[in-house]
Amino acid sequence: LADLDGYRGHIDDLDLNLYRGGFELEKITIDKINAKVVEPFFAVDLVDLSVDWDALLNGKFTGEIRMIKPVINFAIDSTGEVTQTGKENNWVKTVRKLVPIEANLNVFAINNGTIKYSDYSAKPYVEVNISSISVLAKNLSNVKSTSKDLPASFEMTGISDGSGQLTVNAELDFLKEIPDFDLDFELKDIQLEELNAFTKAYGNFDTEGGTFSLFSEVLMENGEYDGYVKPLFENVKILDLEKEKEDSFFQKIWEGIISVPAEVFENQKEDRVATKSPFQGSVENTDMNLLKTIGNTILNAFVEAIPKKLDNTIYKVDSLD
C-alpha cells in the first residue's frame, strides 16, 4: 500500500489464521493524495484472504478474497479540476500483491458494498449511490474443468438511489491479458424525482415523476467487442408550473423546451421514451451507430414500443450449444 501511484493506504489491524491458511485485514482506507475530497477513494470494514479449499480439493492451489462493506468513492473535488477515479494505479496488481500466498485468485466475493459518485463542484451538490451490493465471482483461475470458452462466472446485485434494481451477470475467461466476457446489465425502475439534484446540476431541470431503466449486453472477444445500450424513460413529467413557482421565468422556459422532445418521441400506448444504441469496436476504438440510435427512437415512438428487457441478441455462437 506504500507503493500506490497517487494514493496512500492504511490498515488498522491484521489477524493471522494459520489453521485455514489466510489472514484478515480490518479497516482498510485508501486516500487520494492532494485531493480536496472528504471520503477516501476506498474503504472496507474487513477483507478476508485465504486458501480456496474447494479449489485445493480439485488439485489447484489458489486464493480467495471476501470483502465486508467495501465502499468506492468516485469524486470531483470542490475545484472541479481534481478527480478521484483510481485510474492512476493498477488495482488488479495491488490486489494480487495482497494475496498472502503464491497462488492465483479464484474466488472474489463482496457483501453489502457501496459505489458512490460525488461532485463537490456542482451546484447543487451531486451524490449518487449504488448500495447493498453483493458480488460473487467464481472459477477465475479455471480450477474446475469445463468445455466452456468462458469458464468463470460473475454475479452482482445492488440498489441505486431512486430504488433502482441493479443486476449484472457475466461469463468470463479471466486468464487472458484482455479478458473475454459475455455480460448482461440491467438497472430497472429508478424513480427520477429522487435524482433531481443530479438533473438540476447537469441538465438544469427537475422531474416531477417517472422512472428510468437501462439495459445493455456486451460481448468481448480477443480485444474486440459488440453490444448495445438501451435507455428507457416511462411516465416522465418534467414541467409542473404549480410546483415550480420558485423557479425563474427562464428556468420554466428551459424545462418546457426539454419536455417537448420527450412528448414527441414518446410511445403513447406504453407512455415510454426509449431507444437502442448499438456499438462495436476494439479496446482502442469504439464505433457508436448514431443512425440506428435515431431510427430506434423513432421506431419506439411511432411504430412499436421498445421492450423493457434485455434483447438477448449478443452472445457467443458456442453459448447456444
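Reader: Which residue of E10 stands opposite Ser-160?

Author: This is a predicted model, in which local features need pLDDT of at least 70, side-chain atom pairs count only at pLDDT 80 or more, and totals for chains, interfaces and linings use all residues. Residues are numbered from 1 along each chain as its sequence is written, and side-chain values use heavy atoms, with hydrogens and water left out. Strands (E, at least two residues) are DSSP runs numbered from the N terminus, as are helices (H or I, at least four). The residue of E10 opposite Ser-160 is Gly-164.

Reader: Over how many bridges do E9 and E10 pair?

Author: Two strands pair if DSSP finds at least two bridges between them. E9 covers residues 152–160 and E10 residues 164–173. Their hairpin has 3 residues between the strands, and Gly-162 takes a positive phi near 85°. The antiparallel pairing of E9 and E10 comprises 9 bridges.

Reader: How many residues lie between E10 and E11 in their hairpin?

Author: E10 and E11 (residues 180–191) run antiparallel and are joined by 9 bridges. Asp-173 stands opposite Asp-180 in E11. The number of residues between E10 and E11 is 6.

Reader: Why does Leu-18 count as exposed?

Author: Leu-18 is in the loop between strand E1 (7–17) and strand E2 (22–32). By relative accessible area (1.4 Å probe, protein chains only), buried means under 20%, exposed over 50%, and partly exposed in between. Leu-18 counts as exposed because its relative accessibility is 71%.
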